[in-house]
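Morning, everyone. I have one structure to go through today, and I will keep to what can be read from the coordinates.

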Amino acid sequence: MEIIGIEDLKIKSMTARPEPKKSEGGEFLPDGAEIKPFVDVTVTPSFGDRKVKNKVGLGNTSGSDSFDARIANNALVNGTIGVNAVKGSHTFGLHYSVGGGNDGRLDHLLKAKYSYQF
């Protein structure tokens, strides 16, 4: 037994977008959306240089391990650029960050976000 269903989809209404409104002089009228670019630079210094010996193991067993670590010896610099588009309760943002620290550390981050405020 075969069943074939056919639906008359109105494709034009699915892809339609609102037409921009013009004033009597032919200039485009604002639609209430805002574009907000931003730049942020953060420097997070850590002071001190301390070696720490850590010992880990499972309770009630004789097995354990130890390792040395160095803490608070890094200065992190982070820069972010991006843009947020806001219209009514909707916000869409696209941000790019790059950060670096001691010992050749380099981090990249590309983030897209959407939020709706009730």
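**The aromatic pair and the sheet**

I will start at the end of the chain, with Phe118, which counts as exposed because its relative accessibility is 93%, over the 50% cut-off. Please keep in mind that this is a predicted model.

Phe118 has a partner. Which residue forms an aromatic pair with Phe118? That is Tyr116, and the geometry is edge-to-face, with 5.2 Å centre to centre and 80° between the planes. The pair counts as edge-to-face because the angle between the planes is over 60 degrees. Tyr116 has a relative accessibility of 40%, so Tyr116 counts as partly exposed. A search of the whole structure finds 1 aromatic pair, and Tyr116 with Phe118 is that pair.

Now the chain as a whole. The secondary structure consists of 1 helix and 6 strands. Along the sequence the pattern reads α-β-β-β-β-β-β.

Next, the sheet. In what order do the strands of the open sheet lie? The order is S1-S4-S5-S6, 4 strands with antiparallel pairing. At the edges are strand S1, residues 33-44, and strand S6, residues 106-116, each of which pairs on one side only. On average, neighbouring strands in this sheet are turned by 10° against each other, with direction ignored.

Going through the pairings, S1 and S4 run antiparallel and are joined by 12 bridges. In this part of the sheet, Thr42 stands opposite Asn78 in S4.

S4, residues 76-87, then pairs with S5, residues 90-100, again in the antiparallel sense, over 11 bridges. Gly79 stands opposite Val98 in S5, and Lys87 stands opposite His90 in S5.

That last pair brings us to the turn. How many residues lie between the strands in the hairpin of S4 and S5? There are 2, and Gly88 in this hairpin takes a positive phi near 60°.

Last, some totals. The protein chain has 118 residues, and 9% of them count as buried. The accessible surface comes to about 10600 Å², and carbon and sulfur atoms make up 57% of that. Taking contacts with a separation of 6 or more, 41% are between residues 24 or more positions apart.

To recap: an open antiparallel sheet in the order S1-S4-S5-S6, a hairpin of S4 and S5 with Gly88 at positive phi, and an edge-to-face pair of Tyr116 and Phe118. I will take questions now.

Technical notes
Residues are numbered from 1 along each chain as its sequence is written. This is a predicted model: local features need pLDDT of at least 70, side-chain atom pairs count only at pLDDT 80 or more; totals for chains, interfaces and linings use all residues. Side-chain values use heavy atoms; hydrogens and water are left out. Two strands pair if DSSP finds at least two bridges between them. Axes are lines fitted to C-alpha atoms, for helices over the stretch in contact, and angles run from 0 to 180 degrees between N-to-C directions. Rings of Phe, Tyr and Trp (its six-membered ring) pair if their centres lie within 6.5 Å; planes under 30 degrees apart count as stacked, over 60 as edge-to-face and the rest as tilted. Buried means under 20% relative accessible area, exposed over 50%, partly exposed in between (1.4 Å probe, protein chains only). Contact means heavy atoms within 4.5 Å. Accessible areas come from the Shrake-Rupley method with a 1.4 Å probe; for residues, only the protein chains shown count as cover.
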